[in-house]
Amino acid sequence: MGTIEADYVVVGAGAMGMAFTDALISHADVRVALLDRRHAPGGHWLDAYPFVRLHRASAFYGVASTLLGDGRAQQHGPERGLHERATAAQICAYYDSVLTERPVASGRVSFMPCYVWTDDGRCVSTISGERHNVRGPARVVNAHYLSPHIPATTMPPFAVGRGAQGSSRSTSSCEWPTHPPSTWSSGPARRRPTRASGCLTAESTPTGSAGCALGNRGCSTAR
Ligand SMILES: Cc1cc2nc3c(=O)[nH]c(=O)nc-3n(C[C@H](O)[C@H](O)[C@H](O)COP(=O)(O)OP(=O)(O)OC[C@H]3O[C@@H](n4cnc5c(N)ncnc54)[C@H](O)[C@@H]3O)c2cc1C
């Protein structure tokens, strides 16, 4: 059993946890343990489909200390003249670089990847199972309560026809359940999924890049 010694334990290294930690160390001389069950900072962007990008300008996203992107307008394509919008890969690279060059370099922030914060107030390694207690009166900051659900890791909110299955990579890991969980919405059955939903069923034309809502990128369904 290990011990975390910090003034703040920030749970979640997505956009919220990164922005909070960045602002915190800019304004206070405190020690922070920043932990995430994922292997790197960036939150849901680490799992997002490769074609997703910000909805709005990069300059309005990220941490306060470090500009995301160059603050330039796009030079080509249908959005020429509009502000650049970072892709998922650019956002992940940005958070990786910010973490190393700001919080970790300050010597006051310890990043703990692959650690889960549990309800009983401990953090547990998802790799070794090692547990850590927090020593002293550390403040625990929930930086994941806004976490969005993304198609790549969320079951789709529509029913899937019996027999619809398939994978260009691994059929067994990409099959749809025959009986969707009751938590799925009861909307019109077999509503035609769109590319935006991130999943194609047997009713639509499969592509190699659409991905599978069960989390297997590059997985497409078969007709
Ligand atoms: C395609 C797309 C485009 C978007 N575009 C924009 C945009 O242009 N502008 C904008 O403002 N917003 C945009 N958003 C919204 C975006 O989701 C949020 O801005 C932000 O990324 C959410 O960050 P978060 O830190 O709240 O959640 P997350 O990114 O989900 O991060 C939370 C982290 O907490 C970790 N975590 C959760 N529970 C635990 C636990 N118990 N123990 C350890 N770790 C835990 C998770 O592993 C995760 O890494 C977009 C979203 C999507 C999907």
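Visitor: How much space lies in the largest pocket?

Guide: This is a predicted model, in which local features need pLDDT of at least 70, side-chain atom pairs count only at pLDDT 80 or more, and totals for chains, interfaces and linings use all residues. Residues are numbered from 1 along each chain as its sequence is written, and side-chain values use heavy atoms, without hydrogens and water. The largest pocket holds about 590 Å³ of space.

Visitor: Which residues are the closest to the centre of the largest pocket?

Guide: They are R38, G43, A143, H144 and S147, out of 27 lining residues. Among the elements that each supply at least two residues of this lining are α1 and β3 (32-36). The largest share, 3 residues, comes from β5, which spans 115-117.

Visitor: At what angle do helices α1 and α2 pack?

Guide: Two packed helices are described by the angle between their axes and the distance between the axes. Here α1 (residues 15-27) and α2 (residues 88-104) pack at about 20°, with axes 11 Å apart. The two are therefore roughly parallel (angles under 35 degrees count as such). The crossing of α1 past α2 is left-handed.

Visitor: Which residues make the contact?

Guide: Contact means heavy atoms within 4.5 Å. From α1 come A15, M18, T21, D22, I25 and S26, and from α2 come Y95, V98, L99, R102 and P103. By class, 7 are nonpolar, 2 polar and 2 charged.

Note on methods. Axes are lines fitted to C-alpha atoms, for helices over the stretch in contact, and angles run from 0 to 180 degrees between N-to-C directions. Helices (H or I, at least four residues) and strands (E, at least two) are DSSP runs, numbered from the N terminus. Angles under 35 degrees count as roughly parallel, over 145 as roughly antiparallel, 65 to 115 as roughly perpendicular and the rest as oblique. A crossing is left-handed if the near helix is turned anticlockwise from the far one by less than a right angle, and right-handed if clockwise. Ala, Val, Leu, Ile, Met, Phe, Trp, Tyr, Cys and Pro count as nonpolar, Asp, Glu, Lys and Arg as charged, and the others, Gly among them, as polar. On a 1 Å grid over the protein atoms alone, a cavity is a set of points where a 1.4 Å probe fits but cannot get out, and a pocket is an open set with protein on both sides within 12 Å along at least five of seven lines; lining residues have an atom within 4 Å of a point. Grid points are joined across faces, edges and corners, and a volume is the space filled by probe spheres set on the points.
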